[in-house]
Amino acid sequence: ANVSVDYLVRLEQGRVERPSPEVVEALARSLLLEASERRHLFRLAAASEPTAGHGDGTSVREGIRLLIDTLEHNPAVLLSRRLDLLHWNPTAEALLGPFADHRNYARMIVRDPAQRTLHADWEEAARQTAALLRYAAARHPEDDRLRALVAELDDADPQFSVWWDAHDVAEKHHGAKTYLHPTAGEVTLTYEALPMPDDGDQILTIYTVEPGTIDAERLAALALTGEDRNLDQAR
């Protein structure tokens, strides 16, 4: 860990007021700590973790892939911290897509004119997108691809520059969104967003609807559309 024995003794005895994140990271690495143990060590040391997760956050765990595929009647999308579209089910694409020309949700929101009519409150969706990217940039200052994406969106839309310069940050957790779908009509869904720090800050978002409502009927129609499209692609 490149830390002296004397320092370690003082640290163990509580005679170091607050060790640096670099020292705590070196100790966690030397002790071969798992992710949960690593986070616990940082909390004990009252230090901020210098990084979150491992890798660039683009690898999809098989368990997450299976979960998304199993939720065939509920839209489910896995995003990277850069909001890259990593995996989704047919119902999600029927609602939010098509995704063929866009492999990044932020780029799609800001640059695709169809998204401005799909979202009942597009401006709020785009502002939140900027805040999500700002949060990710603070946690991953070494991410060159994230910086390049922000620069691209900054050039593409002056309004994005305004939102970015506001320095708002956000984590996506839960809420409700209304979509003005071109075939299904107005659909309001609730969503639960599950941040996954151990997977490079990926975000798994699952959309649900109250059974027996008009929104449920319209979502069911979208699910059938997604299944038909999936079958056509398979053929």
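Author: Begin with rings. Tyr179, Tyr191 and Tyr207 form one aromatic cluster. Keep in mind that this is a predicted model.

Reader: How many aromatic pairs does the count come to?

Author: The count comes to 5 aromatic pairs. One of them joins Trp88 and Phe99. Their ring centres are 5.0 Å apart, with 80° between the planes, so the pair is edge-to-face, as angles over 60 degrees are.

Reader: Where do Trp88 and Phe99 lie?

Author: Trp88 is in strand β2, while Phe99 is in the loop between α5 (90–96) and α6 (105–111). The pair therefore ties together parts 11 residues apart in sequence.

Reader: Is Trp88 buried or exposed? And is Phe99 buried or exposed?

Author: For that, look at relative accessible area; buried means under 20%. Trp88 has 17%, so Trp88 is buried. Phe99 has 1%, so Phe99 is buried too.

Reader: Back to the tyrosines. Why does the pair of Tyr191 and Tyr207 count as tilted?

Author: Read the angle between the ring planes. For Tyr191 and Tyr207 it is 55°, so the pair is tilted. The ring centres are 6.1 Å apart. Tyr191 belongs to strand β4 and Tyr207 to strand β5, so this pair links parts 16 residues apart in sequence. Both Tyr191 and Tyr207 are buried.

Reader: Which charged end sits over the ring of Tyr191?

Author: That of Lys172, 5.4 Å from the ring centre. Arg116 gives another case: Arg116 lies over the face of Trp122, at 3.9 Å from the ring centre.

Reader: Now strands. How many bridges join β4 to β5?

Author: Look at direction as well as the count. β4 (residues 185–196) and β5 run antiparallel, joined by 7 bridges.

Reader: In which sense do β1 and β5 pair?

Author: They pair in the antiparallel sense, over 4 bridges. Find Leu78, and you will see Leu204 of β5 opposite.

Reader: How many residues of β5 are buried?

Author: Strand β5 (residues 202–208) is mostly covered, with 6 of its 7 residues buried.

Reader: Last topic: the core. What tends to happen to nonpolar side chains in soluble globular proteins?

Author: In soluble globular proteins, they tend to be buried together. Here, the largest nonpolar core has 39 residues. Leu83, Leu96, Tyr105, Leu133 and Phe160 have the most contacts inside this core. Helix α8 (residues 122–139) gives the most to the core, with 6 residues. There is also a second, separate core of 9 residues, including Ile64, Leu78, Leu86 and Ile206.

Reader: Let me try Leu83. Where does Leu83 lie?

Author: In the loop between β1 (76–79) and β2 (85–88). At 2% relative accessibility, Leu83 counts as buried.

Reader: Which residues does Leu83 touch, not counting those up to four places away in sequence?

Author: Leu83 touches Asn104, Tyr105, Ala106, Thr129, Leu132, Leu133 and Ile203. Now turn to Tyr105. Beyond its neighbours within four places in sequence, Tyr105 is in contact with Leu79, Leu83, Leu85, Leu96 and His119.

Reader: How many residues apart are Leu83 and Trp122 in sequence?

Author: They are 39 residues apart in sequence. In space, Leu83 and Trp122 are 17 Å apart, C-alpha to C-alpha.

How values were computed: Residues numbered from 1 in each chain as written. Predicted model: local features only at pLDDT ≥ 70, side-chain atom pairs only at ≥ 80, totals over all residues. Heavy atoms only, no water. Helix = DSSP H or I, 4+ residues; strand = E, 2+ residues; numbered from the N terminus. Buried < 20%, exposed > 50% of the residue type's maximum accessible area, 1.4 Å probe, protein only. Contact = heavy atoms within 4.5 Å. Core = buried A, V, L, I, M, F, W, Y, C linked by side-chain atoms within 4.5 Å. Pairing = 2+ DSSP bridges. Phe/Tyr/Trp six-rings, centres within 6.5 Å; stacked < 30°, edge-to-face > 60°. Lys NZ or Arg CZ within 6 Å of the ring centre and 35° of its normal.
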